[in-house]
Amino acid sequence: PAVTLAIALRCGPISPSDFVFYILAQFSAALAGAMTYAWMEGDAFKFAPVWHYTASAALACELVYSCLLIFVVLNVATATRHAGNQYFGLAIGLTVSSAAVAIGHVSGCSLNPAVSFGCLMAAGLWGGFSGVNFWGLYILTPFLAALIATISWLALSPAPPPSLNTGWDKANHVLAFAALAFASAWALWPRPRHGADQGRPCHRVQPRRHGGRRGQETHVPRSE
């Protein structure tokens, strides 16, 4: 969906109606695939920051590598000067592989809002939505990356893309950019997490005094 949005915003061969159908098909297929995985494995897959990495680190990784992926797709698969090339699949595949190796252990390397939506929705339907988090991080971040990558591609492109009369006029572009920027900023703005520590055991180390010889005390740590 993020690549679809980027191609549409650059006046590619995708009309607004086609864009809606593309998005519906991608999100529906992702949910069907995630539910099939949950049925086969007995548990659903959830995207979340891995190991000790924070949501900010996962957000930075997803944003940077989503921008790189979309920028590569715009260059090798949509630019007229590269039309008919035979290496677009290799370039896109190597970008995805590089991202998986680089950030897979940090964020899980989604880079795809449809895959993120399908996995998170399947996890919520399978085991309850209370344990499913990071919706905005994994679903809206690639769309924000599409906005940044498209602006960068248009700024660096030696020639503006030809108008294909797909229905994406200037007003639609402005509204799409503004709505996407607002939604991304709202979803990614840090908020306090109320009750995040409720139900977690609190371990504190306190000294326990044991009597030794007269005038001496022995301090032994105790976990409570």
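pLDDT is the predictor's own confidence in each residue, on a scale from 0 to 100. What you have here is a predicted model, and its protein chain averages a pLDDT of 79, with 70% of the residues reaching 70 or more.

Helix H4 (residues 88-103) comes out highest in the chain, at a mean of 94, while strand S1 (residues 205-211) sits lowest, at 47. Across residues 191-210 the pLDDT is below 50, though the model still gives this stretch 26 contacts beyond near neighbours in sequence. Residues 214-220 also stay under 50, and there the model has 12 contacts beyond four places in sequence.

## Helix H7

Now for a quick geometry check. Helix H7 runs over residues 141-156, and at 1.5 Å a residue its 16 residues should span 22 Å; the end C-alpha atoms are 22 Å apart, so the two agree.

## Aromatic pairs

Searching the whole structure turns up 4 aromatic pairs. In one of them, Phe45 and Phe47 have ring centres 5.0 Å apart and planes at 90 degrees. Planes over 60 degrees apart count as edge-to-face, so that is what this pair is.

Together with Tyr138, Phe45 and Phe47 make up one aromatic cluster.

Conventions
Residues numbered from 1 in each chain as written. Predicted model: local features only at pLDDT ≥ 70, side-chain atom pairs only at ≥ 80, totals over all residues. Heavy atoms only, no water. Helix = DSSP H or I, 4+ residues; strand = E, 2+ residues; numbered from the N terminus. Expected span 1.5 Å × (residues − 1). Contact = heavy atoms within 4.5 Å. Phe/Tyr/Trp six-rings, centres within 6.5 Å; stacked < 30°, edge-to-face > 60°.
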